[in-house]
Amino acid sequence: MKVTFFFILFGLSSLSLLAQSRFSRQELAVNAFRNPSVGLEYRHRQVSVHGGYYPTIISQEAGRNVTTSFVRAGVSVWYLPVGQRQNPSSFYSSVSYLRGLDRDYDGTNAVLLDTGFRWMIWQGLNLRVGVAALKASGRDWKINPTPGISYSFFFR
């Protein structure tokens, strides 16, 4: 049931590709915190690819949150641009491959479904807020918030 929500949003976002776009032709983003990962993202029109280091809280030990690290690579779809700026804020949905780097997920393959909103604050500076569902083989789904901060360079 939880995952159905993500697939519905991802499907709706794909349909929006048919609509006229207000997005720049190309974008290169340097992601400094968590979403989609600490790394790089390249967008062409309404589809982007990303890769980098992804930390997230998967478990607790003695009542404290424990961060688990992954390498993350995936694709995102951008839709429903908001505002009148040349580079508008917008919604996104993504699917990513993860490879665990430590703790219980060391060497584990996983998939991550993520959807949210990117708010363009000033020029290329932007914040993201979203929610992600992580699934690794033989493990329960993990649902986490996905905040992020990035700086984007736009090419028309």
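## Backbone features in the loops

Glutamine 123 sits in the loop that runs between β6 and β7. In this predicted model, the phi angle of glutamine 123 is near 50°, a positive value in a residue other than glycine. With a relative accessibility of 52%, glutamine 123 counts as exposed, because the cut-off for that class is over 50%.

Arginine 45 also has a positive phi, about 55°, although it is not a glycine. Arginine 45 belongs to the loop between β2 and β3, the latter strand covering residues 47-61. The relative accessibility of arginine 45 is 45%, so this residue counts as partly exposed. The loop between β1 and β2 holds proline 36. The peptide bond leading from asparagine 35 to proline 36 is cis, and its omega is near 0°.

The model contains five salt bridges. One of them joins the side chains of glutamate 27 and arginine 43, with an N to O distance of 2.7 Å. Glutamate 27 is in strand β1 (residues 26-33) and arginine 43 is in strand β2 (residues 38-44); the two residues are 16 apart, and the pair links distant parts of the chain. Glutamate 27 is buried, at a relative accessible area of 3%, and arginine 43 is likewise buried, at 3%.

Glutamate 27 has a salt bridge to arginine 118 as well, where the closest N and O atoms are 2.6 Å apart. Arginine 118 lies in strand β6 (residues 109-122) and glutamate 27 in β1, so this pair ties together parts of the chain that are 91 residues apart in sequence. Arginine 118 has a relative accessibility of 1% and therefore counts as buried.

Another salt bridge is formed by glutamate 41 and arginine 128, whose closest N and O atoms are 2.4 Å apart. Because glutamate 41 is in strand β2 and arginine 128 is in strand β7 (residues 125-136), the pair ties together parts 87 residues apart in sequence. Both partners are on the buried side of the 20% cut-off: glutamate 41 has a relative accessible area of 3%, and arginine 128 has a relative accessibility of 4%. Through shared partners, salt bridges join Glu27, Arg43 and Arg118 into one network.

## Serine 89 and its surroundings

Strand β5 spans residues 89-100 and includes serine 89. Serine 89 is buried, since its relative accessible area is 9%. A polar atom of the serine 89 side chain lies 2.9 Å from the backbone nitrogen of methionine 120.

Leaving aside residues up to four places away in sequence, serine 89 touches Leu80, Pro81, Val82, Phe117, Arg118, Trp119 and Met120. Among these contacts is Arg118, which also belongs to the salt-bridge network with Glu27 and Arg43.

## Nonpolar surface patch

Leu28, Val30, Leu40, Tyr42, Val49, Phe153 and Phe155 make a nonpolar surface patch of about 610 Å². Strands β1, β2 and β9 (148-155) each contribute at least two residues to the patch.

Which strand holds phenylalanine 153? Phenylalanine 153 is located in strand β9.

Technical notes. Residues are numbered from 1 along each chain as its sequence is written. This is a predicted model: local features need pLDDT of at least 70, side-chain atom pairs count only at pLDDT 80 or more; totals for chains, interfaces and linings use all residues. Side-chain values use heavy atoms; hydrogens and water are left out. Helices (H or I, at least four residues) and strands (E, at least two) are DSSP runs, numbered from the N terminus. Buried means under 20% relative accessible area, exposed over 50%, partly exposed in between (1.4 Å probe, protein chains only). A polar contact is a pair of N or O atoms within 3.5 Å; within protein, one must be able to donate a hydrogen and the other to accept it, and residues adjacent in sequence count only if both atoms are side-chain atoms. Contact means heavy atoms within 4.5 Å. A salt bridge is a side-chain nitrogen of Lys or Arg within 4 Å of a carboxyl oxygen of Asp or Glu. Patches are made of residues with over 30% relative accessible area and no salt bridge: like charges are joined within 9 Å, nonpolar side chains (Val, Leu, Ile, Met, Phe, Trp, Tyr) within 5 Å. Accessible areas come from the Shrake-Rupley method with a 1.4 Å probe; for residues, only the protein chains shown count as cover.
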